[in-house]
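Please look at the sequence and the structure shown here. The paragraphs that follow concern the ligand, its surroundings and a sheet of strands.

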Amino acid sequence: MEQLLQQIESLKAEIAASVASSQEELEQFRIKYLGTKGLVKQIMGEMKNVPVESKKEFGQILNAFKQVAEDKLAQLQEALGETESVDTKQDYTLPGDTIAVGTRHPLNLVRNQMVSIFKRLGFAVAEGPEIEDDWHNFGAMNLPADHPARDMQDTFYVQEATDASAAWLLRTHTSSVQARVMETQKPPIRVICPGRVYRNETISARAHCFFHQVEGLYIDENVSFADLKQTLYFFVQEMFGKEVKVRFRPSYFPFTEPSAEMDISCQICAGKGCNICKHTGWVEILGSGMVHPKVLENFGIDPEKYTGFAFGMGVERIAQLKYQVNDLRLYSQNDLRFLQQFKSV
Ligand code: DAH
């Protein structure tokens with residue numbers, strides 16, 4: 001009996017010191033102590049040799065011993081479960097977490113679509129600087145100093161000068177890129193120039209101090225007003241669908257002669273009359289015309305040999321008609337509730 005109690009004590013110490021670093025070792029522990037032929041069972045088998053008066057006390061000691069082995073098994077199991085959780089609890093066949101992707105800005109969507117339509121007609125993309133000198137923005141485009149039409153565009157000056165032609169400014173239109181292109185390329189020229197422009201306007205739903213334009217320029221022999229009309233008609237049909245109607249109204253721009261503005265049937269009310277078209281059924285979308293001979297001469301292009309057409313339109317206006325966005329400020333406020341609505345073209 002004494003000997004048996006000593007054996008139990010030493011086994012308890014052995015159990016307490018046991019470790020299992022794998023499922024196999026854990027199983028070995030279980031078999032050794034708690035298996036059908038394990039030590040707990042073996043010692044329980046000694047019960048029959050214990051004198052009757054000690055059976056109760058010995059039974060309690062045995063139960064406690066069994067409990068020690070069981071507790072240790074549970075503890076080793078838990079410890080192993082934690083370190084091995086990666087292998088045993090992960091299901092690698094599950095799909096991965098979805099990554100939230102951003103959306104394109106509506107103005108970029110519309111600009112890209114505009115660019116791709118003109119690319120199909122053979123137009124190349126040209127870009128120019130947003131900080132311009134007076135010559136490229138005004139002078140070269142037939143707007144010399146003191147020209148009254150300069151008042152049409154409230155200019156932000158970066159650096160004013162007593163001689164206006166030496167001033168630096170934020171370009172007021174992408175027509176300045178026309179000048180950059182004619183300066184470096186010889187006809188035939190066929191480019192579109194998307195970009196940001198700036199004007200000193202009070203910010204409201206209808207006006208902003210910066211907005212976006214796409215400019216077009218086509219110079220070659222025998223380019224006519226009919227080419228201009230057909231090109232722009234193709235563009236709006238691709239942009240808004242075959243149902244769209246167009247009309248040209250005579251207008252004035254210093255860099256074109258003759259000049260015209262183009263209206264399309266209102267895409268919001270289908271021409272029935274609404275706030276956007278001011279109940280006329282028509283919305284102005286661009287300015288255009290035949291490149292003024294003086295502009296060609298400014299770049300050494302012979303106006304007797306070459307003719308060209310040009311146009312400029314606002315990306316915000318096209319986006320408004322496409323997506324019915326009626327407050328220009330939304331485009332620059334970075335409100336995700338607004339931006340996330342534009343998933344694709
Ligand atoms: N630059 C003009 C504006 O910002 C738009 C424009 C009109 C561009 C006629 C042109 C054009 O190229 O031919 O209002």
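**The ligand and its surroundings**

A polar side-chain atom of glutamine 213 lies 3.0 Å from an oxygen atom of the ligand; a polar contact is a pair of N or O atoms within 3.5 Å. The model is predicted: local features need pLDDT of at least 70 and side-chain atom pairs pLDDT 80 or more, while totals for chains, interfaces and linings use all residues. Residues are numbered from 1 along each chain as its sequence is written, and side-chain values use heavy atoms, without hydrogens and water.

A polar backbone atom of alanine 310 is 3.2 Å from an oxygen atom of the ligand, and a backbone N or O atom of phenylalanine 311 lies 3.4 Å from an oxygen atom of the ligand. Taken alone, the ligand exposes 350 Å², of which the protein buries 91%; these areas come from the Shrake-Rupley method with a 1.4 Å probe.

Seven strands form an open sheet with mixed pairing, in the order E1-E5-E6-E10-E9-E8-E7. Strands are DSSP runs of at least two residues, numbered from the N terminus, and two strands pair if DSSP finds at least two bridges between them. The edge strands, E1 (124–125) and E7 (246–253), each pair on one side only. E7 pairs with strand E8 (residues 256–265) in the antiparallel sense over seven bridges. Valine 246 stands opposite isoleucine 264 in E8.

Methods
Polar contact = N/O pair within 3.5 Å; in protein donor to acceptor, adjacent residues only side chain to side chain. Helix = DSSP H or I, 4+ residues; strand = E, 2+ residues; numbered from the N terminus.
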